[in-house]
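Here are my notes on the model you asked me to look over.

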Amino acid sequence: LRGVVHAAGVLADGVLTDMTLDQLDRAMAPKVQGAWNLHMATRNAPLDFFVLFSSVASVLGSPGQANYAAGNAMLDALAHTRRAEGLPATAINWGPWGGAGMAAEAKRSDAVKSRGMGLLPPGQGLELLGKLMRGSAAQVAVMDAHWSDLLRLMGERHPALLAEIVSEVQEAGGDTPGGRVDQAFLQRLFDADAASRQSLASDYIQQELARIMGIEPGQLEIDQPLSTFGLDSLLALELKNNLEGRLDFTLPMARLMEGPSIASLAEETVRLIVGGEAASAAGKAGDGWTPLLALRATGSKPPLFLLPALGGDVQCYADLVQHLGEDQPVYAFRPRGVDQDLPPHQTMDAMIADYAAALRALQPQGPYRLAGWSTGGIYAFALAEWLVRAGENVSLVAMLDTPLPSICDEVDVEDDARFFCNLINFANCFTGSKVRVDYEQLLPLTPEQRFQTALSEARRQGTVPADAPEDFIRRLVHVGEANVRVIRSYRPTALDAKVYLFVPTIKGGLADISGQEMPKDADHGWRAEVGQTMELQEVPGDHFTMMIGNSAAQLARKLTSLMQFAGSNSGSRVTVTPAAAPRR
């Protein structure tokens with residue numbers, strides 16, 4: 001027998017991954033182009049078979065990975081085209097395999113099973129491949145489907161081709177999309193008092209999240225941000241869809257983008273489901289602003305406090321927190337106005353006064369340990385200034401590739417669309433995507449059209465989730481613009497505390513994103529401008545990659561060493577109050 005088996009690219013994963021859209025484009029391009037090249041090169045060859053390894057994603061869909069599903073659908077279409085031309089072709093839409101491939105990686109097996117599929121044993125897969133090569137079908141889907149679970153997770157999104165299977169599941173008494181609301185739990189929720197409602201909702205969300213992630217519920221602390229569990233945007237979307245389907249309510253995507261914990265998500269769930277008086281009781285704490293967010297609340301060491309980068313994002317610290325270890329408590333500040341419709345700070349003095357109050361409520365006395373990446377280091381420096389003036393002991397200030405405040409001097413904060421484009425490009429740099437939104441191409445449009453077009457492009461790229469509310473995105477923009485004004489209003493002075501400036505081995509990142517020529521000094525001009533001497537610490541990577549992967553691990557080791565040294569040279573006793581920071 002003579003033939004071609006096309007198995008390039010990602011083999012039969014069927015799994016939602018953390019890959020960015022740009023990475024998926026690069027992964028799919030060789031697979032699709034390779035299939036087409038094989039088709040053209042063998043059109044006149046006397047082949048007995050021509051087999052294309054496609055994915056079940058093109059049959060059932062793959063939320064958040066439209067281009068991946070589309071790429072595999074092209075392979076399906078090619079098979080049908082060849083058949084129409086009288087040429088041999090079979091496209092196999094493989095489900096996830098065991099033993100190899102992305103689905104078989106550590107911790108993914110349970111996650112795949114939680115999505116209503118089992119892993120195909122390689123021996124069985126190869127046996128099926130042999131049979132299908134001798135068959136006459138142009139396209140065949142092969143998966144170990146647990147139909148009741150799979151249909152429940154798909155909700156109302158099931159393709160028409162599954163109509164007969166849906167009917168069979170319904171006749172067999174299985175759980176179906178139309179009848180999956182958990183009425184029993186909802187009744188318990190309505191019958192319970194306010195305190196019990198919060199506990200019930202927390203337990204429910206903890207169980208559902210554990211099932212989605214394929215881990216034990218006890219491993220999920222209810223007060224930690226979901227991001228610290230490795231919950232990516234696609235898993236967050238699945239959690240949202242499942243909770244909405246089971247509890248018959250609408251959970252705004254913004255709530256999942258704001259770094260919630262299980263506990264805070266339970267508060268919001270109770271508020272949205274129960275409403276009225278109970279909603280008011282459950283939502284009291286959520287109406288105000290909480291400056292501090294616990295990235296890791298447990299551990300015996302003194303806490304490390306992280307200051308947010310421009311716009312208020314603390315996701316940039318996810319890898320660093322994981323590498324710092326379970327015994328290191330870590331808290332991050334969130335700017336006012338990101339999570340609620342509140343006016344953002346307009347001056348550094350006002351912002352730092354609120355931050356300092358929250359800091360001292362959690363840790364009444366020093367020594368304090370502060371750090372911040374990029375412009376977050378400017379806030380860390382300003383907070384250290386405030387604490388030192390108040391007579392507090394600041395044992396560590398770590399500025400992670402932090403520029404002088406003058407980096408914001410030329411930033412346009414009057415044009416929302418231009419600023420939004422800058423935020424999109426900044427976020428894409430952090431994820432490694434080379435995709436950019438060119439504001440200059442939007443200039444022929446009206447200001448409102450520019451913003452809407454930029455938002456549509458950000459959603460298309462995956463930088464912004466497709467169902468993220470526009471009002472939330474506009475809040476991010478307005479807080480970011482206010483943050484720029486805050487930095488412009490700040491004039492740092494030399495600090496009587498140990499300051500470390502971490503610089504990446506690959507230079508030029510700050511100049512690239514700001515469009516400004518940076519000072520040639522190794523310390524970005526801090527000593528010349530402020531009179532502050534800094535100890536330089538070099539870490540691998542560039543301005544963005546220094547915060548992820550192995551670079552983040554090295555950064556964490558250096559920070560841990562510096563914090564240990566600072567602790568051994570301090571006679572002050574640290575007390576951390578085991579309670580949330582005050583709501584203001």
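**Notes on the model**

1. Let's start with a charged pair: Lys507 and Glu538 form a salt bridge through their side chains, with N to O at 4.0 Å. Their positions are 31 residues apart, and the pair links distant parts of the chain. Lys507 sits in the loop between strand E12 (499-504) and helix H20 (509-514), while Glu538 belongs to strand E13 (residues 535-539). Lys507 is exposed, at a relative accessible area of 55%, and Glu538 is partly exposed at 47%. Bear in mind throughout that this is a predicted model.

2. On to the overall picture. The chain contains 22 helices and 13 strands. It runs to 584 residues, of which 51% count as buried. If you take the contacts between residues at least 6 apart in sequence, 76% of them join residues at least 24 apart. The exposed surface comes to about 25,100 Å², and carbon and sulfur atoms supply 51% of that.

3. Which residues touch the most other members of the largest nonpolar core? Phe305, Phe381, Leu383 and Phe420 do, in a core of 63 residues. Leu383 is a handy one to click on: leaving out residues up to four places away in sequence, Leu383 touches Leu307, Phe333, Ile352, Tyr355, Ala356, Leu359 and Leu370. As background, nonpolar side chains tend to be buried together in soluble globular proteins.

4. For the cysteines, a search of the whole structure turns up zero disulfides. Buried or exposed, where does Cys316 fall? Cys316 counts as buried because its relative accessibility is 3%, under the 20% cut-off. Cys408 also counts as buried, at 2% relative accessibility.

5. Back to salt bridges, where the count comes to 14. One of them has Glu414 paired with Arg485, the closest N and O atoms being 3.7 Å apart. Glu414 counts as exposed at 66% relative accessibility, whereas Arg485 is partly exposed at 28%.

6. Lys131 and Glu127 meet through their side chains in a salt bridge, 3.7 Å from N to O. Why are Lys131 and Glu127 separated by about one helical turn? Because they are four residues apart in helix H5 (residues 122-133). An α-helix has 3.6 residues a turn, so residues three or four places apart point the same way. Glu127 is partly exposed, at 48% relative accessibility.

7. Last, have a look at helix H8 (residues 183-191), where Phe185, Leu186 and Leu189 are buried. Viewed down the axis of H8, the buried residues fall within an arc of 100°, so they line one face of the helix. Turn to the face of H8 that points away from the buried side and you'll find the exposed residues Gln183, Ala184 and Asp191.

Terms used. Residues numbered from 1 in each chain as written. Predicted model: local features only at pLDDT ≥ 70, side-chain atom pairs only at ≥ 80, totals over all residues. Heavy atoms only, no water. Helix = DSSP H or I, 4+ residues; strand = E, 2+ residues; numbered from the N terminus. Buried < 20%, exposed > 50% of the residue type's maximum accessible area, 1.4 Å probe, protein only. Contact = heavy atoms within 4.5 Å. Areas by Shrake-Rupley, 256 points an atom, 1.4 Å probe, with all protein chains shown as cover. Core = buried A, V, L, I, M, F, W, Y, C linked by side-chain atoms within 4.5 Å. Disulfide = S-S within 2.5 Å. Arc of directions from axis to C-beta.
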